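Take a first look at the chain below. Then follow the text through it, one region at a time.

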Amino acid sequence: MKLIIAIIQPARLESLKTELGKEGIRGLTVTDVQGAGRQKGHTEIYRGHEYQVSLVTKVKIEVAVEDSQIDTCVDAITRAARTGQEGRIGDGKIFIVPIEEVVRIRTGEVGAAAI
């Protein structure tokens with residue numbers, strides 16, 4: 001089992017949920033986050049004053065999947081999160097982390113059955 005963590009642009013969240021649904025992947029956690037990467041923030045004007053925003057607002061998605069679903073899930077996230085044909089700086093990142101065990105609190109199920 002793996003935990004797939006994706007950091008994407010907030011505007012791409014709905015398309016990501018749609019793509020994951022098409023692939024039969026259910027159950028995800030969404031968190032609003034801020035961070036800095038190659039995008040390096042942006043400049044905004046507020047009440048006539050210009051200031052630099054160094055942290056960019058993103059959305060973090062976490063999805064637990066079986067090993068057989070990793071490629072399908074990563075492909076769905078990539079399709080949904082990429083902007084344009086080639087993509088752009090700021091489209092996001094995907095991290096794949098091993099999961100040792102999963103336990104469903106309500107039933108006590110463990111492993112793949114608990115996902």
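The paragraphs below go from confidence to a helix, then a strand, then a pocket.

The mean pLDDT of the chain is 90. A value of 70 or more is reached by 96% of the residues. Where pLDDT is low, the predicted coordinates should not be read in detail.

Now find helix α1, which spans residues 13-22. Which of its residues are buried? They are Leu13, Leu16, Glu19 and Leu20. These four cover an arc of only 120° around the axis, so they sit on the same side of α1. The numbering fits a general rule. An α-helix has 3.6 residues a turn, so residues three or four places apart point the same way. The other side of α1 carries Glu14 and Lys22, both exposed. What lies over the buried residues? The cover includes β1, β2, β5 and α2 (70-81). Just past the end of α1 comes Gly24, with a positive phi of about 75°.

Move on to strand β2, residues 29-35. Val33 belongs to this strand. Set aside its neighbours within four places in sequence, and Val33 is in contact with Val56, Thr57, Lys58, Val59 and Lys60. Strand β5 covers residues 56-65. Leu55 is 22 residues from Val33 along the chain. Their C-alpha atoms are separated by 9.4 Å.

Next, look for the second largest pocket. Its volume is about 170 Å³. Its lining draws on several parts of the sequence. Leu3 is in it, and so are Arg26, Gly27, Leu28 and Thr29. Glu62, Val63 and Ala64 line it too. Val102, Val103, Ala114 and Ile115 complete the list. Which strand gives the largest share of this lining? Strand β5 does, with 3 residues.

Ala114 lies in the segment after β6 (92-98). Is Ala114 buried or exposed? Ala114 counts as buried because its relative accessible area is 10%, and the cut-off is under 20%. Beyond its neighbours within four places in sequence, Ala114 is in contact with Val102, Val103, Arg104 and Glu109. Ile5 is 109 residues from Ala114 in sequence, and the two are 18 Å apart in space, C-alpha to C-alpha.

Terms used:
Residues numbered from 1 in each chain as written. Predicted model: local features only at pLDDT ≥ 70, side-chain atom pairs only at ≥ 80, totals over all residues. Heavy atoms only, no water. Helix = DSSP H or I, 4+ residues; strand = E, 2+ residues; numbered from the N terminus. Contact = heavy atoms within 4.5 Å. 1 Å grid on protein atoms, 1.4 Å probe; cavity = no way out; pocket = protein on both sides within 12 Å on 5 of 7 lines; lining within 4 Å. Points joined across faces, edges and corners; volume = space filled by probe spheres on them. pLDDT = per-residue confidence, 0-100. Buried < 20%, exposed > 50% of the residue type's maximum accessible area, 1.4 Å probe, protein only. Arc of directions from axis to C-beta.
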